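The stops below follow its aromatic rings.

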Amino acid sequence: MADSLSAECTPLKQKYDSCFNAWFEGYLDPAIANNTSAEERAAYSKMKADEYQAKCGQIWEKYRECVQKAVKKRGLEKLLEQAREEFALKEPPPPPTQFKK
C-alpha cells in the first residue's frame with residue numbers, strides 16, 4: 001500500500017485500506033452468485049453498506065479529515081477545485097456491457 005499525501009495520515013490510510021479490503025472481499029463473495037433475485041441483491045447491498053459504516057466509516061472520516069488538512073496546509077485547494085470544474089462528472093458512467101458468450 002502506498003503512503004498518504006502526508007506522513008501523519010499514513011497510519012490512518014493503512015488502517016482504512018486494511019478495513020476496506022477485508023470488508024470488500026466479503027462483499028464480493030455472495031454478490032457474484034447468479035441465482036439471487038434483484039430484491040435479495042438489494043437487501044444484501046444495504047446490509048453490507050451498513051456493515052461498512054459500522055466497521056470502516058469512522059476510520060474513513062478520520063483519514064479524510066487528515067488528508068483535507070494536508071491539502072490545505074500544502075495550498076492544493078485551488079488546484080483541486082480547478083480539476084473538479086474542468087473534469088466534473090455530470091452524468092454517471094454507463095454500466096459495463098455484459099460479456100457475450
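**Aromatic rings, stop by stop**

Select Phe20 and Trp23 to begin: they lie three residues apart in helix α1, so about one helical turn separates them. Helices here are DSSP runs of H or I with at least four residues, numbered from the N terminus. The model is predicted, so local features need pLDDT of at least 70 and side-chain atom pairs count only at pLDDT 80 or more, while totals for chains, interfaces and linings use all residues. Residues are numbered from 1 along each chain as its sequence is written, and side-chain values use heavy atoms, leaving out hydrogens and water.

Stay on these two residues. Phe20 and Trp23 form a tilted aromatic pair, 5.7 Å centre to centre with 45° between the planes. Rings of Phe, Tyr and Trp (its six-membered ring) pair if their centres lie within 6.5 Å; planes under 30 degrees apart are stacked, over 60 edge-to-face, and the rest tilted. Phe20 is partly exposed at 26% relative accessible area, whereas Trp23 is buried at 12%. Buried means under 20%, exposed over 50%, and partly exposed in between (1.4 Å probe, protein chains only).

Tyr16 is buried at 11%; Trp60 is partly exposed at 31%.

Finally, select Tyr16, Phe20, Trp23, Phe24, Tyr27, Tyr44, Tyr52, Trp60 and Tyr63, which ring pairs link into a cluster.

Definitions and conventions:
Helices (H or I, at least four residues) and strands (E, at least two) are DSSP runs, numbered from the N terminus.
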